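Hi,

Here is the structure I promised to pass on.

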Amino acid sequence: MSRRLPAPLILTLAFLLLTVGVLVAGGIFVRSLLADSVANGERIRTARTFVSGAVTAQLGEETGVRGYAAARDPVLLEPYYAGRANLPVLLRQVRSVAQSLGLREALPFIADATATNRRWLAQSAFPLFTARKRSHVLELRGKVLVDRFRADMAAVDRALVRREQLGDASAERAIVWVDSFALVAVLAVILAAALFAVQQYRLGMRLERELVATERQRRQSAEMRAAYEAEKRIADTLQEAFLQRILPELATVRLSAAYLPATEEAKVGGDWYDALELPQDRILLAIGDVAGHGIEAAVAMNKARQMLISCALIDPSPASVLERVNAELVADKSPMITAVAGVVDARTCRFSYAAAGHPAPVLLEPGRRARFLDIGSLPLGVSADTKYVTHQIQSAPGAMLVLYTDGVIEHSHDVLEGEHLLLAAVESAAQTAQTDPAKAIRDEIFRHHRISDDAAIVTVHFLDAAAAGASDARALRWSA
């Protein structure tokens, strides 16, 4: 039998090398598209926060001037001075992000808003300061200019939303390309196997049947493993890019968070958490879990996060946020998602939240045992008619609130045992005065348990005046 390499085998090897090169280049290109989409999404969310802050600053200026014109009390000018200090900075930040995103249509509105604010200062604010009595004509003129400023900012926000939608569409196309590359890889392997089988046919029918059976089994195993590893790499990349890493810092509230990926290879989940600072010392909290695993769960997680933040910027009421997000997810036929949306008021130690099929938050207050709060309605994406209820919790300095995903309590077949273990871990973290209670809770629960699903934990610690004054004070000790 000839020992030289047969022509079909040489052609097969050349075809495989060409296919691998094309797939590697395509994978790098798709990854670049996904990274750009994630980065642009973060910049857009930041720019929308700046737009909201600019509108708030302008309204603060107007409120301060109106109050001073009515009462002539210099104390009432504090919102005016705060707005004058913050508004130019916010407008420059919005312009910088718009230029980096190439949003040329937004730049004229930003310029007009800047000019309108100057006109308002010159034609309304300064004359009201010097007028001896209140002038309704000047106030009316000022209101017209403020309305124009708000219209400019609304136009900028719409431009940002459109660019955000384009980014989502680009990410979806990238996912389609990933599927296409996988299909090409399968077809290439099948074609190569066919050429190889033709060459091996000459060795005899019996040997050919044995080799084909062995090769088929090996190929199927390799294809399944390669497909899984490709999906897992992409899902891990998406999940790592989408997870919130920077938590807001307020003087009277300390936040901590911990995330633990699943140890089972088949479970690349869609758990996430978000914390966004709102005006008036408030913080928007969101935590959720997408049903399913893999790329689809990671993409659905990103969509839900963006929807929650966008809706909260319009109206931060937790029930309203969940209802609007639910309507959009049902319309998009998204996978089922459980979530909790809440607002923390650092000034009053009040927590308002609404839950959508998600495990109940835990509250631990000084002098009391840890307890579960009320749960909510159906998960998101199930029914467009679902109504959600905003629960109000009035706590006190020293209290700690814990939000988590179901992987924290479903590490065994006994959910009740998981809930008891969670409550005990919360109390233990408080009693040992941990500076990072989320990590302490995670370590306590999974010290002797193997995690089978992704798990996320977020804690909110209300500080008293003494703890808030220390730059790196340890967490308060608790008495149950």
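Below is what turned up, starting with the overall picture and then moving to one helix and the salt bridges.

Before you dig in, note that this is a predicted model, where local features need pLDDT of at least 70, side-chain atom pairs count only at pLDDT 80 or more, and totals for chains, interfaces and linings use all residues. Numbering runs from 1 along each chain as its sequence is written, and side-chain values use heavy atoms, with hydrogens and water left out.

**The whole protein**

The protein has 10 helices and 10 strands; these are DSSP runs numbered from the N terminus, with helices (H or I) of at least four residues and strands (E) of at least two. Of its 480 residues, 45% are buried. Buried here means under 20% relative accessible area, exposed means over 50%, and partly exposed is in between (1.4 Å probe, protein chains only). The exposed surface comes to about 24400 Å², with carbon and sulfur atoms supplying 58% of it; the areas are from the Shrake-Rupley method with a 1.4 Å probe, and for residues only the protein chains shown count as cover. If you take the contacts (heavy atoms within 4.5 Å) between residues at least 6 apart in sequence, 74% of them join residues at least 24 apart.

**Helix H8**

H8 covers residues 415–431, which is 17 residues. From first C-alpha to last it reaches 24 Å, close to the 24 Å expected at 1.5 Å a residue; the expected span is 1.5 Å times one less than the number of residues. Several H8 residues are buried, including Gly418, Leu422, Val426 and Glu427. What covers the buried residues of H8? Strands E6 (362–364), E7 (371–372) and E9 (400–404) are part of the cover, and so is helix H9 (437–445).

**Salt bridges**

How many salt bridges does the structure hold? There are 15 salt bridges, counting a side-chain nitrogen of Lys or Arg within 4 Å of a carboxyl oxygen of Asp or Glu. As background, side chains of opposite charge can pair when their charged atoms come close.

Arg369 is exposed at 55% relative accessibility, whereas Glu427 is buried at 11%.

Lys143 and Asp147 make another, with their closest N and O atoms 3.0 Å apart. Both lie in helix H4 (residues 136–200), four residues apart, about one turn of the helix. Lys143 is partly exposed at 39%, and Asp147 is partly exposed too, at 33%.

Glu444 also pairs with Arg447, the closest N and O atoms being 3.3 Å apart. Glu444 is partly exposed at 27%, while Arg447 is exposed at 52%. Finally, Arg48, Asp157 and Glu164 are joined in a network of salt bridges.

**Cysteines**

The disulfide count is zero, using a cut-off of cysteine sulfur atoms within 2.5 Å. Cys311 is buried at 5% relative accessible area, and Cys349 is buried at 7%.

Cheers
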